[in-house]
Amino acid sequence: MLIRAKATTALLAACGLAVGGCGGGGPQSSSERITNGKVVLAVLNDQSGVYADLSGKNSVEAVKLAVADYQKKYGDAAVAKTIEVVSADHQNKPDIANNKAQELYDRQRADVILDVPTSSAALAVATQAAAKKRLFIAVSPATTALTGKACNKYTFHYAYDTWMLANGTGRTVTQQGAREWYIVYPDYAFGQDMEKSFTQAIQSAGGHVIAADPTPFPNDNFSTFLIKATTLKPKPQVLGTMQAGGDLVNLVKQYNQFRLREQGITLSTGLMFITDIHSLGPDAFAGTQFTDAWYWNFDERNRQWADRFTAATGTRPSFAHAANYSAALQYLEAVQRAGTDDADAVVTAMEGYTFDDVFARHAAIRAADHRVTHDVYLAEVKPKADVTRDWDYEKIVQTIPADRAFRPVAESAAAGCTLG
Amino acid sequence: MSDFVQQCFNGLVSGSFYALLALGLAVIFGMLGVVNFAHGSFYMLGAFSAYIGLESFGVPFWVALVAVPLLLGILGMVIERLLIHRLVDLDPLYNFLLTFGVALVLQDLMKRTYGVQSQPYPVPGGLAGQVNLGLFRYPAYQVFVLAISVSVCVGVWVLLTRTRVGMIVRGATERRDLTRALGVNVGLWVTPVFGFGTALAAFSGVLAAPMRAVNPLMGADLILVVFAVVVIGGLGSIVGSVLAGFTIGMLQALGNLYVPALSQTLVFIVMAVILLWRPAGLFGREEARA
């Protein structure tokens, strides 16, 4: 190891001599600017379980696209000359995520860990990031604890969170006139978090939650709750479901069979990925409103990136894929600005930075709680008749501007985040 | 009142799947003494075959309902001949591990090919609407599921009690050695019974496709409850597993409504209590497992 480190230092010194301005602007200290001579991006996510399709291995491909773009943009001037992308499967288990994160930081020398779906797993990785003083950009977990009591100097929260979903869907749908809600949520941390956030958002918009029921997880028969929805007094106008994955599909199939929409109870989903719509076909969801962090067919810029992604993976990107691309790119840009991959310097380069890329529009990295804010979208599932091409499932009803899409800093501070 | 009846009805629909799956498990256990852990995978394969049939070959639901159990029944027999058969004489633990392995292999094969996302499957044309059951309206397809499940359970019961084949199977289930001593070639029936059990699982899989998420994990999620059902009914008891299937379905539906926090554990609490009270299950006889 020692010999290798010396060799890299020598190599870097040579590079510094040969290419005068490489990474110009960065601090030209005597210590090595890129530790181990390379920048290591690690994608830690679910590669075989329920979240494998919406993020999984294809997020690794997305990160590779970001590396290619960075290298193309800076060429010889790139601070990170050698970039390595590694990945690991955490199987959505916090203990495995904890071990893998340790291994990635220590043995694989990861400079940053990306993605990490499943909130409990992400919280474990955030703890490791703080202990190892290395970066963690949480892309696909949902919990606001990452910018609340679990926030730390090295952890950033990127794509979405429960507050953003509840605010986008709960508040907007209530404001559109559907005031009476019945909420069903899976009985685990994410579901309970979502139920709380939605109830708050609905009430603050002048709506009313008639009842909120926890459901078993996993569950394949939702008829108990669907029938209860029709017998509640007053009658709910919206059934808000916080289910995800297979449970969401079960619920929607049965919602359609019980004809709740015909009885005036519309469906609103807390968290939905485009892969969910794809698995049931658009008709099953037609008219359902939900908050999306990004949609591939939103504009020409998104479509161009989606085509590149499709060429690499054979499938259309979910917002998690685009967000992983963006997070990797912004990390590398921060390394470029800092002139080093030293974690503290990169954190400083990221804090307060504003940018605009294919995923994150009008984006900013808040220094106070490390929430990355960007525009998000209220989307509606198109009926099949309106679908013109494969995966063309969403109509963007409304863009929720970045400064109103996420939890205000004051609330993060109240939730226990003391970075700022 | 009508609410309560309706919730019971929900439970019976869930119970339909438990009963069909438990029935298959019970026949297999009775005949082979094998706790078939791969049972949930055959349920999953049933739903997937229906989906693949429709998607790639345009096979309608009704054809799939007959053809898929036949095909997967044959696959079951092949697996019995090639693998399970070889371990039957050893400690039951060996087949327990083997079938568990088979379940993982089948599940991961489907995961590899189709990913973990659910696949779409429409409700068959004639059953898309709702029917009026007097007290309330109910989705036609779910009424159909209940009706066909009850018919199949009754059919299997008739087959087992009124035919010669059934008599041999029951005889072999209860006293394998004695049946053999009476000159019946028990071994001859082992493979077909295993095939029949897996066909029942496949059949419930096809039934599940229009109303449940079709994905590689659907069987694994369900099978745990089905094992509890079989234990409650009495391992190897055919009537017991069917009745326990419907009862547990109802219990879960009502549990969801009145004690949501407990609904997932309810089944296992009932199982524990019943095992304390009757170690062989409700309808099981301890001497049956000699």
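Predicted model: local features only at pLDDT ≥ 70, side-chain atom pairs only at ≥ 80, totals over all residues.
Trainee: How should I read the names and values here?
Mentor: Residues are numbered from 1 along each chain as its sequence is written, and chains are lettered from A, with ligands numbered from 1, in the order in which they are written.

Trainee: What average pLDDT does chain B have?
Mentor: Chain B averages 90, and 98% of the residues score at least 70. The term pLDDT is the predictor's confidence in each residue, from 0 to 100.

Trainee: Where in chain B is confidence lowest, and where highest?
Mentor: It is lowest in helix α6 (residues 164-174) of chain B, with a mean of 83, and highest in helix α2 (residues 39-57) of chain B, at 96. Helices (H or I, at least four residues) and strands (E, at least two) are DSSP runs, numbered from the N terminus.

Trainee: How many residues does the largest nonpolar core have?
Mentor: This core has 216 residues, and A:L41, A:F136 and B:L207 have the most contacts inside it. A nonpolar core is a set of buried Ala, Val, Leu, Ile, Met, Phe, Trp, Tyr and Cys residues joined through side-chain atoms within 4.5 Å. Buried means under 20% relative accessible area, exposed over 50%, and partly exposed in between (1.4 Å probe, protein chains only).

Trainee: Which helix gives the most to this core?
Mentor: Helix α1 (residues 2-32) of chain B does, with 15 residues.

Trainee: Turning to chain A, why is helix α7 (residues 223-231) described as largely enclosed?
Mentor: Seven of the nine residues of α7(A) are buried, so the rest of the structure largely encloses this helix. Among the buried residues are A:F225, A:L226 and A:K228.

Trainee: Which residues of strand β8 (residues 238-241) of chain A are buried on each side?
Mentor: A:V238 and A:G240 are buried on one side, and A:L239 and A:T241 on the other. In a regular strand the side chains alternate between the two faces of the sheet.

Trainee: In which sense does β8(A) pair with strand β6 (residues 180-186) of chain A?
Mentor: The two pair in the parallel sense over four bridges, and A:W181 stands opposite A:V238. Two strands pair if DSSP finds at least two bridges between them. β8(A) also pairs in the parallel sense with strand β9 (residues 266-269) of chain A, over four bridges; here A:V238 stands opposite A:T266.

Trainee: New topic: how many disulfides does the structure hold?
Mentor: It holds one over all chains. A:C151 and A:C417 form it, with their sulfur atoms 2.1 Å apart; a disulfide is a pair of cysteine sulfur atoms within 2.5 Å.

Trainee: What does the pair tie together?
Mentor: A:C151 lies in the loop between β4 (135-138) and β5 (155-157) of chain A and A:C417 in the segment after α15 (409-414) of chain A, so the link ties together parts that are 266 residues apart in sequence. A:C151 is buried, with a relative accessible area of 14%, and A:C417 is buried as well, at 6%.

How values were computed. Heavy atoms only, no water.
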